[in-house]
Amino acid sequence: MMKAAELRQKSEGELKSELTALLKAQFSLRMQHATGQLAKTSEINRVRKDIARVRTILAQKAA
């Protein structure tokens, strides 16, 4: 889990690359869940919240 304070120190480019990586991880977790290969389903929620954190920080930097 990423802390908001850590994310605020990153540049906008780094945040966008982080967001892309998280979206890919979310897709991978969804596919694993659909095929029954995912052992820790809590990972899906953790990634969703991390995506929301990154998007929030990006919106704050844009404003």
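Student: How far apart are the end C-alpha atoms of α2, and what span should its 23 residues have?
Tutor: Let's start with the terms: helices (H or I, at least four residues) and strands (E, at least two) are DSSP runs, numbered from the N terminus. The expected span of a helix is 1.5 Å times one less than its number of residues. For the 23 residues of α2 that gives 33 Å, so the prediction agrees with the distance between the end C-alpha atoms, which is also 33 Å.

Student: What kind of model are we looking at?
Tutor: Residues are numbered from 1 along each chain as its sequence is written, and side-chain values use heavy atoms, with hydrogens and water left out. Local features need pLDDT of at least 70, side-chain atom pairs count only at pLDDT 80 or more, and totals for chains, interfaces and linings use all residues, as this model is predicted.

Student: In which order do the elements of the protein chain run?
Tutor: The protein chain has three helices and zero strands. Read from the N terminus on, the order is α-α-α.

Student: What box do the C-alpha atoms of the protein chain fill?
Tutor: The box is taken along the principal axes. Its dimensions are roughly 40 × 15 × 15 Å.

Student: Which residues of α2 are buried?
Tutor: Buried means under 20% relative accessible area, exposed over 50%, and partly exposed in between (1.4 Å probe, protein chains only). In α2, the buried residues pack against α1 and α3, where packing rests on contact, meaning heavy atoms within 4.5 Å. The buried residues are L15, L19, L22, Q26 and L29.

Student: Is Q26 buried or exposed, and what does it touch?
Tutor: Q26 has its place in helix α2. Its relative accessibility is 17%, so Q26 counts as buried. Leaving aside neighbours within four places in sequence, Q26 is in contact with V47, R48 and I51.

Student: Within what arc do the buried residues of α3 fall?
Tutor: Helix α3 covers residues 42–62, and its 21 residues reach 31 Å from first C-alpha to last, close to the 30 Å expected. Buried in α3 are I44, V47, D50, I51, V54, I57 and L58. Seen down the axis of α3, these residues line one face of the helix, because the arc (that of the directions from the helix axis to the C-beta atoms) is 155°.

Student: Against which helices do the buried residues of α3 pack?
Tutor: An α-helix has 3.6 residues a turn, so residues three or four places apart point the same way. The partners of the buried residues of α3 are α1 (4–8) and α2 (12–34).

Student: Which residues does L58 touch?
Tutor: L58 lies in helix α3 and counts as buried, at 13% relative accessibility. The C-alpha atoms of L58 and R8 are separated by 8.8 Å, although these residues are 50 apart along the chain. Not counting residues up to four places away in sequence, L58 touches E12, L15, K16 and L19.

Student: How far apart in space are K40 and L29?
Tutor: K40 has its place in the loop between α2 and α3. With a relative accessible area of 52%, K40 is exposed. K40 and L29 are 11 residues apart in sequence, and from C-alpha to C-alpha the distance is 9.6 Å.
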